[in-house]
Amino acid sequence: MKNVLNRVVPEGFTPFQGANALITSKQHKKLDPIVSTNTSKAVDSISRLFDLIPIKDSMTLSFHHHLRNGDHVLNMVIAEIKKRGLKNMVLAPTAIFPVHEPLVELIKNGQVTSIVTNYINGPVADTISIGHLSDMLIMDTHGGRPRAIESGELIIDVAFIATPTSDSMGNGNGIEGISACGTLGYTMSDLLYAKHRVVITDHLVDHVKKVDIDGKYVDYVIQVDRIGDPSGIVSGTTKPTRDPIQLKIARDTIKLIDELGFIKNGMSFQTGAGGTSLAVALDLKHKMMERNIKGSFASGGITGFLVDMLESHLFENLYDVQCFDLDAVKSYQNNPKHIAMSASTYGNPMDDPIVNKLDVVILGATEIDLDFNVNVTTDSSGYLIGGSGGHSDTAFGAKLTIITTNLTKSRTSMVKDHVTTITTPGESVDCLVTERGIVINPRRTDLLQQLKHSKLNIVTMTDLYQKAISMTGIPKPIKLSERAVGVVRYRDGSIIDTIFQVGGKTS
Amino acid sequence: MRRSLLFIPANTPAMMQNADVFEADAVIFDLEDAVQMTEKDAAVDLFTQFLNQFKLNNIEIVVRINGLDTPFGESDLNRIVSDQIDTIMLPKATVQSTALCEGLIRKIEKRKKMQKQIHIIPIIERAVSVIESYEIASFERVDGLLLGAEDLATDLEVERTEQGFEILFARSMVIMAAKANGIDAIDTPYTSTTNLKGLEMDSVLAKSLGMNAKSCIHPNQIDTVNHVFSPSLDAIRHAKRILEAESEATKSHLGAFSVDGKMIDKPIIERARKVIEKAKLWKIE
Amino acid sequence: MRTASCGTMESNDCLITVKTHNRLEIVIESIVFEQFGDQIEAVIKQTLALLNIKSLFVHVKDKGALDYAIKARLMTAIQRLEENHA
């Protein structure tokens with residue numbers, strides 16, 4: 001079966017019909033949150049918990065990724081699954097990182113047969129790309145996952161909620177304790193709707209300073225030595241790039257935003273935590289300070305740079321779905337203008353999420369094609385290297401969606417005639433900024449009109465593609481296997497593309 | 001006419017391929033200081049093959065060859081002087097080496113039956129070159145002088161400073177020599193690649209003395225240099241008004257005329273024309 | 001055994017090593033082997049034909065070098081090989 005973007009959709013799945021199609025037409029049934037009836041919540045160990053529930057074959061276990069590459073919780077649960085010889089488990093962590101390498105073994109031996117996640121890279125990603133996962137990988141978006149959970153499409157048997165500080169009733173937060181990670185936005189839907197909610201903490205206290213995890217939904221509380229490694233938790237922010245190409249792209253991005261009139265009082269803005277994004281944020285900061293501009297909010301994953309902008313009064317508020325570094329954690333703890341949001345508030349298409357209020361979002365891409373479809377899920381060889389995260393959500397909601405990328409990197413063009421995997425549909429993408437030119441989506445006749453007399457180097461996607469090919473030569477297409485290893489589930493629940501096994505490798 | 005010239009090491013494919021991305025008016029492919037002795041052969045081969053594959057539009061292609069007093073200099077000229085480049089940059093230039101360079105270039109142009117005439121930018125980076133700068137600037141093929149203050153400071157046995165008093169005389173000599181011969185006076189590069197405020201101040205100082213361009217050692221410097229050495233929008237508007245007033249005056253057969261209460265005479269008209277020429281060339285308005 | 005090499009392992013470059021050999025043998029390792037392996041081999045063969053070289057061992061370690069860089073590095077390596085001998 002093919003969807004409207006002419007991509008294969010496996011049997012039994014709903015094909016993508018356009019970014020708006022199901023959001024406007026679909027009836028969104030919402031389950032009721034489940035309040036816990038448990039009064040005695042303390043459980044000695046994860047092992048004891050497995051006995052208590054009991055956790056059986058084929059159950060779906062969920063996790064959040066606020067501990068990022070310092071997470072121990074998923075690995076502790078994996079160790080328990082391994083010990084007990086459980087089979088056909090479905091894991092639903094919101095993201096998977098290199099630290100989760102122990103999962104590789106359980107995938108290869110069939111103990112874990114399906115995974116639902118929003119972002120994946122590292123050894124687990126490679127293992128799945130090579131074809132070891134018996135059942136499907138489902139890649140959601142940050143906004144689509146809450147939708148799936150609250151509608152009952154994704155049923156979670158046990159939600160493991162790593163909580164840096166908790167009391168004995170499960171009231172907790174991420175700001176105190178040795179494994180402090182800041183906000184806990186990605187776990188909220190699991191907390192409300194999973195059948196069994198388990199708080200795992202390494203810092204049990206009598207009284208918590210702030211209640212971000214509401215104990216009334218929590219069924220069990222387990223105390224362990226360490227839920228994570230701090231150096232891996234708060235290391236999400238890089239430094240602004242020094243690469244001259246990236247800097248040029250960042251400068252041109254700001255020039256574009258400026259020319260389109262988006263740098264003004266009340267503006268809202270989101271960008272990522274990578275080197276180029278930070279360079280853009282810095283440039284924006286200077287411009288806003290020069291012109292005495294106060295924006296309404298910056299959102300998404302929060303870095304020290306955005307905190308700095310908040311403290312310089314360049315934004316009224318920060319809306320935080322995750323903290324990338326210690327500065328962000330501290331700011332959330334101390335500054336009432338730094339506001340936490342759940343993944344649902346952030347991007348759930350069935351609500352009126354924050355992404356719909358965004359003016360400008362700046363995103364990356366591994367590939368972009370002549371129709372502006374963007375790939376952030378696989379690389380050009382077909383290997384899983386990421387996933388939407390909030391990409392499709394913000395691209396949909398923002399008034400101006402800008403993709404920044406090099407045109408070519410080491411003989412590989414980022415502009416393709418067809419991307420290997422579609423993560424975000426072209427209709428959500430407005431502009432592409434590369435070192436060799438800026439492209440405006442022809443659908444945006446309004447932007448093209450505004451830029452008619454611009455001195456910016458505005459070209460067509462075909463121009464860029466031709467330029468890239470003239471430099472690199474025409475690449476031989478990568479042969480992927482015909483076996484589907486997973487699907488890219490768009491935020492409305494439809495399937496926008498299929499992920500295929502990479503060809504030729506066997507181990 | 002240039003405002004910015006970006007140095008790019010000639011033995012690094014990654015940088016050469018991006019030469020035309022940064023909006024410098026000219027790119028200087030450096031076969032000299034940026035290339036180790038043992039790699040001089042590789043650099044020339046790479047550069048010549050690069051020119052065969054890449055057509056760099058709208059940008060002046062300058063090549064800094066090795067000195068003509070080295071084993072590589074003359075062979076560099078023989079290999080790279082062609083219709084594919086525009087200008088040779090001659091390190092540690094003296095009257096003698098500039099004469100030699102020009103002679104060699106003419107011979108090669110004839111031998112290769114070239115369509116183009118290649119220009120020369122001698123680098124003034126020795127005390128003797130500063131003294132000789134007027135004569136160096138007068139050679140036919142020379143269309144710019146570049147001040148090389150770092151090497152010059154070594155020759156003078158002085159420290160380079162932020163304010164640059166130690167190179168004031170050299171800057172002024174290069175400027176006089178260049179302007180007396182109607183060619184570009186190109187300032188020495190600013191050595192910090194991160195201090196953009198310092199770069200701006202140094203560029204503004206150089207411009208105020210009479211430099212009309214500056215060489216850059218990092219792409220991040222180009223926007224600032226282009227900005228400083230471009231006529232401002234105000235200057236362009238004013239120049240337009242002067243030329244309009246001139247054309248009105250000519251129509252009405254008026255000899256002298258004024259704009260904003262100032263008498264406008266020939267040098268001012270010439271300056272105005274130059275400003276408009278630059279504005280057009282660099283697409284500023 | 002006469003051997004010479006040229007190039008680097010930087011992005012967009014390649015390191016080419018050549019050795020005297022009794023036939024033509026080309027070994028290519030590349031980060032874009034699947035997409036451009038054939039093209040890299042073609043450029044090497046064309047360059048050798050241009051230089052009228054029928055036997056040589058060529059080892060390419062490629063980090064995404066474009067055609068001109070492959071050609072240049074090969075030419076310099078061969079030149080160096082000849083100079084070693086002279």
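A: A salt bridge is a side-chain nitrogen of Lys or Arg within 4 Å of a carboxyl oxygen of Asp or Glu. This is a predicted model, in which local features need pLDDT of at least 70 and side-chain atom pairs count only at pLDDT 80 or more, while totals for chains, interfaces and linings use all residues. Residues are numbered from 1 along each chain as its sequence is written, chains are lettered from A and ligands numbered from 1 in the order in which they are written, and side-chain values use heavy atoms, with hydrogens and water left out.

Between chain B and chain C there are two salt bridges, and one of them joins the side chains of Arg80(C) and Glu39(B), at 3.2 Å from N to O. Seven residue pairs across the interface of chain B and chain C, both partners at pLDDT 80 or more, are in polar contact (N or O atoms within 3.5 Å, one able to donate a hydrogen and the other to accept it; residues adjacent in sequence count only if both atoms are side-chain atoms). On the side of chain B that touches chain C, α1 (13–17) and α2 (40–53) each supply at least two residues, and the largest share, seven residues, comes from α2(B); such helices are DSSP runs (H or I) of at least four residues, numbered from the N terminus.

Taken as a whole, the contact (heavy atoms within 4.5 Å) involves 14 residues from chain B and 14 residues from chain C. About 1200 Å² is buried between chain B and chain C, with carbon and sulfur atoms giving 51% of that area; buried area is the accessible area (1.4 Å probe) that two parts lose on being put together, summed over both.
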